[in-house]
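Please look over the sequence and the structure first.

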Amino acid sequence: MTMTTEPPSSRTPGRAVDAGRLFAAGAHAGLDAHLRAYGELPRRSPDAMLAELEASGLAGRGGAAFPVWRKLAAAKEAAGSRRGRAPILIANGTEGEPLSSKDAVLLRNAPHLVIDGLLTAARSIAARNVLIVAEGDALRAVERAVAERTDARGIEVVEGAEGFVSGEASALVNMIENDDPRPVDRTRRMTASGLRGRPTVVQNVETLAHLALVARHGAAWFRAVGDPVDPGTRLVTVTGDVPRGGVYEIRTDATLRETLGALRPDFGAISAALVGGYHGAWVPESAFDLPLTALDLAPFDASPGAGIIHVLGAHRCGLWATARIVEYLAGQSAGQCGPCMFGLPTMAERFDAIASGEAVTENAADLLRVAGLVVGRGSCHHPDGTARLVRSALTVFERDVRSHAQRRCVRRAS
């Protein structure tokens, strides 16, 4: 599905959308348009900036949702404990997730907001090296934006690598340092020892864009919309069986029904939505009135993750849809540990058998057994995310499992 390259807030009607935040400067905004929309970037002291970020409640928008101030403060503290270890700050604009394009849309349309956030974060921890990693058109947009600014001359723009696991923080650092875009099994936090052994902070580019807004307008302004625990807005990529897909800016407390409602779908023709991407979980249409927060989606082991909503039409088989995803994930192994190398292919085989109606009860039981074995044992979180998806599908599509066991599934495989 083609993703929009225009500022999504200008295309999306409805109460769920806050139209005045990330894309206020318009499409493909240069520095002049950016400054007209947002004004000059104020300078706060490092301590004041970290305090404002803590008060804002801003959490990472790359998937982990870790408090931004805490990660920055940890790197600053680690750097202060040993001389000569100035922190490194990396803006992650790579998207290995096939269903996501929000970061690319943001970088193409609002690169200066991301740069503002990156520079502000760098000053708050006295980072010596500052990098932005991106790909394709987004990379070129960043290069043009950096060239427009005198305050961005110290930023290094790096081309990212393709692959599902290559956007993971340790994989990003490994790529920059060793030209090897695979995750690294670390025993120490990256904020203590990351790139070149120095305290390293990796932040998603959307996170940095929000950080720039907090720097300009303060914590109270940022918290004026959205969920009290996870305030503000977020970008979501919508794909699947909807009248039009694209990237949209929504309140963090918007429900699935509100978000999709702006696209005018026929909810009666929707079965479920995959929330959070390939490492996410299925949410049935009957639960679409839940807000898109980790707390509200917890009964389905789902969370907003990297802001992905993939809609499954009622005419499609959720088991077949999941089987294809699990097969893809098994092929994205970094080849570094047993859970990925052996566990994921086994899970893909079992799920394909279930979708095909072969020994469904036995294969489902064995699939859950293998999923339980891989969790927490991988070099990265790839096995854990795949296991979450598998468990979710067997639960949400339980009726389909029973139908497949009797070879009575009437839904389409694709």
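**Briefing: helix, strand and cores**

Val214 sits in helix α8, residues 205–217 (helices are DSSP runs of H or I, at least four residues, and strands are runs of E, at least two, numbered from the N terminus). This is a predicted model: local features need pLDDT of at least 70, side-chain atom pairs count only at pLDDT 80 or more, and totals for chains, interfaces and linings use all residues. Residues are numbered from 1 along each chain as its sequence is written, and side-chain values use heavy atoms, with hydrogens and water left out.

**Val214**
- Val214 counts as buried because its relative accessibility is 0% (buried means under 20% relative accessible area, exposed over 50%, partly exposed in between; 1.4 Å probe, protein chains only).
- Beyond neighbours within four places in sequence, its contacts include Arg44, Met49 and Phe222 (contact: heavy atoms within 4.5 Å).

**Strand β4**
- In β4 (residues 200–204), 5 of 5 residues are buried.
- Thr200, Val202 and Asn204 lie on one face, Val201 and Gln203 on the other.
- β4 runs parallel to β1 (residues 88–92), joined by 5 bridges (strands pair if DSSP finds at least two bridges between them).
- Gln203 in β4 is the bridge partner of Ala91.

**Nonpolar cores**
- The largest nonpolar core has 49 residues; Leu72, Ile155 and Leu211 touch the most other members (a core is a set of buried Ala, Val, Leu, Ile, Met, Phe, Trp, Tyr and Cys residues joined through side-chain atoms within 4.5 Å).
- Among the elements supplying at least two residues each to this core are α2 (46–56), β1 and α8.
- A second, separate core of 40 residues includes Ile308 and Phe351.
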